Amino acid sequence: MTRAITSGVTTEPAILDARELTSDPELEARFAESAHRILADLVSGGAALGWVEPPSRDEVAELLGHVVSAVQAGDAALRAAYLDRRLVGLGYWLRYARPTHRPHADLEKIAVSAAAHGRGVGRALTAALIADARRTGIEVLTLDARGDNTNALRLYRSLGFTEYGRLPDFVAVCEHRYDKVFYMLDFRRQS
């Protein structure tokens with residue numbers, strides 16, 4: 001197992017990439033189950049992750065398999081955050097499939113377990129994914145978020161993302177409606 005996640009009590013999250021996750025069979029075997037637990041718990045608590053009901057284990061395993069395949073093809077980045085040898089967060093971006101959009105990617109999910117909120121895990125994951133996008137030559141990294149997700153929106157702005165659009169009352173969660181907010185980080189405009 002990677003030294004960064006086995007060396008006792010830590011205050012900073014260890015951020016692993018997909019290669020590190022898949023090179024350790026023990027770590028890889030636990031990753032999908034731990035990721036499912038985080039995502040299902042967050043969605044149960046009302047988190048804005050794209051599901052209304054908690055996803056099944058199979059759905060999460062299929063999603064992660066798709067992301068890992070895209071990483072291996074050079075079309076994605078996947079990061080996992082560990083505190084004290086325990087998965088506490090994950091995130092990924094995927095390159096756009098449309099040929100005219102291939103220089104760009106979408107940050108699709110950042111999920112941090114409720115127990116790790118406020119410990120810098122979301123910032124560390126997002127910063128690592130931004131660095132991966134920059135290193136891979138992505139020109140524009142986009143994301144969308146639910147308008148009431150104020151902590152996430154504040155985080156994205158602090159990391160250089162800017163809002164480029166908003167669809168009022170677009171996200172439907174039962175009888176509730178929320179804005180869908182679009183953010184971008186344009187690496188072409190940065191030196």
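Reader: How many salt bridges does a search of the whole structure find?
Author: Welcome! Keep in mind that this is a predicted model. A salt bridge here needs a side-chain nitrogen of Lys or Arg within 4 Å of a carboxyl oxygen of Asp or Glu. With that rule, the search of the whole structure gives a total of 13.

Reader: Which residue meets R102 in a salt bridge, and which parts of the chain does the pair link?
Author: R102 sits in the loop between β3 (86-95) and β4 (105-112). Its partner is 27 residues apart from it, in the loop between α3 (57-72) and β2 (76-83), so this pair links distant parts of the chain. The N to O distance is 2.8 Å, and the partner is D75.

Reader: Is R102 buried, partly exposed or exposed?
Author: Buried means under 20% relative accessible area and exposed means over 50%. R102 has 29% relative accessibility, so it falls in between and counts as partly exposed.

Reader: How many residues apart are R135 and D132 in helix α4?
Author: These two side chains meet in a salt bridge, 2.4 Å from N to O. Residues three or four places apart in an α-helix point the same way, because there are 3.6 residues a turn. R135 and D132 both lie in helix α4 (residues 121-136), separated by about one helical turn, and their spacing is 3 residues.

Reader: Which of these is exposed and which is buried, R135 or D132?
Author: The two partners fall on opposite sides of the cut-offs of 20% and 50%. R135 has a relative accessible area of 59%, so this residue is exposed. D132 has 7% relative accessibility, so the buried one is D132.

Reader: What length does α4 reach from its first C-alpha to its last?
Author: The helix has 16 residues. At 1.5 Å a residue, the expected reach is 22 Å. The model comes close to that, with a reach of 22 Å.

Reader: Which residue forms a salt bridge with D186, and is D186 buried or exposed?
Author: D186 has a relative accessible area of 8%, which is under 20%, so D186 is buried. The closest N and O atoms of its salt bridge are 2.9 Å apart, and the partner is R188.

Reader: How many aromatic pairs does the structure hold, and what is the geometry of Y156 and F161?
Author: The structure holds 2 aromatic pairs. In one of them, the rings of Y156 and F161 are 5.8 Å apart, centre to centre. Their planes make an angle of 65°, and planes over 60 degrees apart count as such, so the pair is edge-to-face.

Reader: Which strands hold Y164 and F182, and what kind of pair do their rings make?
Author: Y164 lies in strand β6 (residues 162-173) and F182 in strand β7 (residues 176-186), so the pair ties together parts that are 18 residues apart in sequence. The ring centres are 5.8 Å apart and the planes stand at 45°, so the pair is tilted.

Reader: In what sense do β6 and β7 pair, and over how many bridges?
Author: The two strands form a hairpin with 2 residues between them, where C174 takes a positive phi near 55°. Across the pairing, A172 stands opposite R177 in β7. The sense is antiparallel, and the number of bridges is 8.

Reader: Which ring does the charged end of K109 sit over, and which ring does that of R146 sit over?
Author: The charged end of K109 is 4.6 Å from the centre of its ring, which belongs to W51. For R146 the distance to the ring centre is 4.3 Å, and the ring is that of Y178.

Reader: Where does D84 lie, and what is its phi?
Author: Most residues other than glycine have a negative phi. D84 is not a glycine, yet its phi is positive. D84 lies in the loop between β2 and β3, and its phi is about 50°.

Terms used: Residues numbered from 1 in each chain as written. Predicted model: local features only at pLDDT ≥ 70, side-chain atom pairs only at ≥ 80, totals over all residues. Heavy atoms only, no water. Helix = DSSP H or I, 4+ residues; strand = E, 2+ residues; numbered from the N terminus. Buried < 20%, exposed > 50% of the residue type's maximum accessible area, 1.4 Å probe, protein only. Phe/Tyr/Trp six-rings, centres within 6.5 Å; stacked < 30°, edge-to-face > 60°. Lys NZ or Arg CZ within 6 Å of the ring centre and 35° of its normal. Pairing = 2+ DSSP bridges. Expected span 1.5 Å × (residues − 1).
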